[in-house]
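Load the model and keep a selection panel open. The stops below go chain by chain.

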Amino acid sequence: MKMKKLLAIGLSMAMTLSMLAGCGGNTPATSAPAEPAAEDTAEAPAADTAEEPAAEDTAEAPAADGEVQEITFMVWDDLEASEDLITKGYKQSVDRFNKDFEGKYHCTPITTNLEEYYDKLNALVTAGETPDVFIASPGANLNDYATTGVAAKMDDYLNADGWKQTFTSDAVFAGGTYGDDGGDGPGIYAIPLNIAAACVFYNTEMFEDAGAEVPKTFSELLDACQKLQDKGYTPITISAGTAWCLSMVAGYLCDRNGLNLQDIKDHKTDWKDEKVIKAGKQIQELSKYFQKTAAGDDNDIATAAFYNGEAAILIQGSWAIGQINGSCAEGFADKVGVFAFPAVDGSSADPNRVIAKSDSLCMSASTQYPDAAVQLIKYFVDDTASKYTAEVGGKIPVTSVQYDEKVAPPELKYVMDVFKNASSTFGFYNESLYDTEAGSTFDNCFVDIFTGTDPEKALDPIQEYYEMNVW
Amino acid sequence: MDKLLRNKKAIIMFIAPAFILFTLVLLIPICKAVYYSFCNYKTLHPIKFTGVDNYVKLFTKDRAMRAALKNSIFFMVFSIITQFIMGLFLAALLTNIRAGRNLFKNIYYLPCVLSSAALGLLWMFIFTPKLGINQMMASFGWIADCTEGPQWLFNTEGFIILPIIVISFVALWQYVGQSMMLYMAQISGISSDIYEAAAIDGCTKSQAFFKITLPLIRPMIATAMSLNAIGSLKFFDLVYNMIPEGFLGDKAHVLATHMYTQAFKFNKLGYGCAIGVVLLVMCLVVTLLINKFVKVESYT
Amino acid sequence: MSAKTETISVANHRTKVIHGFIYAFLILLAIIYLLPLAWVVITSLKDDAVLMISPWELPARPMFENYSFAWTMGHLGTATLNSFIVCSITLLFSMIFGAMAAFAIARMRWKLSKLVLTYFMIGMMIPVHCVLIPLFVQFSSLKLSNTLIGIIIPYITFSLPITIYIMAGFFEGIPDELFESACIDGCSVYRMFTTVGIPLAKTGFMVTGLMSFVGNWNELLLAMVFISKEAKKTLPVSLTKFVGPYHTNYCQMFAAIVIAVIPTIIVYCVFANQIVEGLTAGAVKG
């Protein structure tokens, strides 16, 4: 009897143990890279002040032992499956890196999709498993990482071997530069990879057929749309479902009406400013020319309508070029023209400002292998990558690389023209506001306006949000 | 025997694994959730105790919460009523037929065991403007063009918006089998003698249903209703998968999606916990109410 | 006499008509249930262009590429494996722990048994949502997020209440004499559990096993929060996140849905009666 009791005790002990062992068995695998990393944070900044050769030494040391420095890179698209040409370029950079440093460094991408990207990144950060290198958009999202010590300060690496001089200008770092609020003091916390400018793409054939002119002002835009509609075309294809698409137009309209976001932040004006209201009314005027299913179409469907020749105008970031050349029918690219977002009639605001966005890379402040991480980032902005960015991806490169304008998609030249004429740039509104939730609230307000709610009333949520959290 | 069964050590051994797990994974986290709900707790930032701030915000300032509460309560009421009627109706029909009873029963129950994530996506495509229902209506000539049809999942007019109504019908489609099965099990447990006796007294079938079946399955009605109520308050998969994030803004939130967005999209963990606590309280209250009003009466 | 036969035949006729209506209604409803599933299977074999133009035609050449794409590119293969591992381990442990606790509650004699049962039963009313955040924070700091064990532990816990409740019912239903004779044979209480309790509560295991397996196989929210790495995602999560940010391909999406649903449908078709009865038995007791 006693034996059996013992046996039973043993059994259930074994069961509990096996469960614990189950936990234990998995733990080292995930924690191994993270724990030493925590120790390294203290050393890393000290080490990186050293000159390049020293850095290389530390990099080579483990390699001599035959140990590969394994780093992770998190990005918002599936590197394997994506048909987006910029994403394909990222994959090439990672592949080149892995090939060139075989046996020394290795990078494993963590892929996810755009909608859940920041949720998942935050989850990893919370878990102490921040990816060694991760992509982020300047603005509210980057703020979260740069000001809380998640992202590392990059100045020392940039200055180390003239890396910084390969970039076109210091201005490209503006979005990643922080003052005293930076987690590790003032400096640059993100390396830009490319610039996309939001422009208006149009189908030249349809414009010709309808006798529409390239509009310079908002009323001319409405005219052109009317002509297109009379000819039986869908004038504009846009997604109100993927909220940033509509909010990009809203951002342009607010800016063209002369709204200054800093004034709102400082509470010199508020969201019920007549400029915002006017932008809302203009969205409603413009929405007459949207495709009928705009409310339910996501960005993919909406852009596809333009690429398939179903709609005449697409207001989109210049990453659209990558898609036009990646997945559209032969010859379609030649039919596409580009113009800058038109001015608003009677507004004194500068009509040459352009919404620009740069994908940027951050390095984890707790990375165990800063040299491998920096090396990986360099592969994203080296000449090969930058050439690809321009010639294939159709985004504006951030480094002073010579690319072949003849090989590059024709639209890139148009976009470059728009970009060169730009007096200054500003960010996507939903990424430039107080925080991500404010951005999302802004998006929602304009979706509401689009569905016909009076702007005065539809702007309540963002107004309340600022009253509660900002002012 | 009695001594054996009073063996304290054995009892502890038997209970311990489940008890420990339960305490660690359920009880302690609940206490923590309640604590967090009184804090300003964001990822990457230290916890700050702020008292009832979150709840004040939740009930006075949060528009999305208002929509979420409205939608969740609508889901709950809708599913309690429709599942009760449809479930009981189907159960009554199926107990009255012989041929194919099992076949029909199995067909209606099928969606209950399928992944609601997958079914949510499936129905999303069925209600997409360019596919499914609208395409069908167009091919029958009811509407001129796919895009002319109703925007099933994207119409934001009305007090209860169309997408929410659509989703509640999908939920009815998916889960009515569950209620039907519960009622059938209970009905088949009623002795046929009672019905025979009633028939001799000249009782018609419908009378028998209302006078005999209904009172006898009352406890089961309470159980089924509480299951429905909790299930529909917890509602997440269908809503999350049928309405892509960001579409419709805040209007199509339910409690669970609102919590998910606040906690994991905007990093407001404390605020998310407050929503979780509200959800918990609602579940407990509703279960208590149903059991009080539906179950107790059956004993009188 | 003749009047009576007439009423009977009228009554018969009426029942027949009523039955006709009932069957018509039931068949119509069955179509509503099966049509969407049939549609998704057919569509999954087409390509997008054909789908838009002629939605109702059967595909001329079935596009099995859609499936291989979803399986490999959508990581559904890995996800199916993960789901299987998670659900099996959960099933095993929730049944062992649940049966042990249920046995102690139902058969052993101690003062607190009612109270402990109530403690477990409260778990049934608690939605996973309200422990999600603290659990996520806790598990993250324990490095349990992004591991399968990190979702297995909560899954076991959430399967326990219903398992305990149903199993307790089954243990209670076992006649006392069986335990008494085992006692006379000199069995310890542990032997009683393994040789008398477990074999006689087989149906209970079947029921609870099915319920926990089905429930966990379909669970989305917790898995979505806890798992961010592609290699560890379970089926519902992979499926939900199958839509890429820049590219939507309906037919591949449909193939993915079919992949996610087919295993359950096959199992259901094979065991339909047992599952339905088992789940009902369980639910009735619950």
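At what angle do the axes of helix H8 and helix H9 of chain C cross? Select residues 176-184 of chain C for H8 and residues 189-200 of chain C for H9. In this predicted model, the two axes come within 10 Å and cross at roughly 140°. Angles over 145 degrees would count as roughly antiparallel, so H8(C) and H9(C) are classed as oblique to each other. The crossing of H8(C) past H9(C) is right-handed.

Now show the side chains at this crossing. From H8(C), pick C:Leu178, C:Phe179 and C:Ala182; they meet C:Met192, C:Thr195 and C:Val196 of H9(C). Five residues of this contact are nonpolar, one is polar and none is charged.

Stay on chain C and colour by domain. The domain assignment gives domain 1 as 2-43 and domain 2 as 65-285. Between the centres of these two domains of chain C, taken over C-alpha atoms, there are 38 Å.

Next, bring chain B into view. Its contact with chain C involves 69 residues from chain B and 70 residues from chain C. Select helix H13 of chain C, residues 250-285: with 14 residues, H13 supplies the largest share of the chain C side. That side of chain C comprises 56 nonpolar, 11 polar and three charged residues.

Move to chain A and select residues 117-126, which form helix H4. How many of the 10 residues of this helix are buried? Nine are, and the helix is mostly covered. The buried residues run from A:Tyr117, A:Tyr118, A:Asp119, A:Lys120 and A:Leu121 to A:Asn122, A:Ala123, A:Leu124 and A:Val125. After H4(A) comes A:Gly128, where phi is positive, near 75°.

Finish with the domains of chain A. Domain 1 is assigned 45-195 + 357-410, and domain 2 is assigned 196-356 + 414-469. Their centres, taken over C-alpha atoms, are separated by 30 Å. Domain 1 of chain A puts 19 residues into the contact and domain 2 of chain A puts in 25 residues. On the domain 1 side, the elements giving two or more residues are helix H3 (85-100), H5, strand S6 (191-203) and strand S10 (354-363) of chain A. By class, the domain 1 side has eight nonpolar, seven polar and four charged residues.

Conventions: Residues numbered from 1 in each chain as written. Chains lettered and ligands numbered in written order. Predicted model: local features only at pLDDT ≥ 70, side-chain atom pairs only at ≥ 80, totals over all residues. Axes fitted to C-alpha atoms, helices over the stretch in contact; angles between N-to-C directions. Helix = DSSP H or I, 4+ residues; strand = E, 2+ residues; numbered from the N terminus. Parallel < 35°, antiparallel > 145°, perpendicular 65-115°, else oblique. Left-handed = near helix turned anticlockwise from the far one by under 90°. Contact = placed C-beta atoms within 7 Å. Nonpolar A, V, L, I, M, F, W, Y, C, P; charged D, E, K, R; others polar. Domains from an automatic or database assignment. Buried ≥ 20, exposed ≤ 12 C-beta atoms within 10 Å, placed from the backbone.
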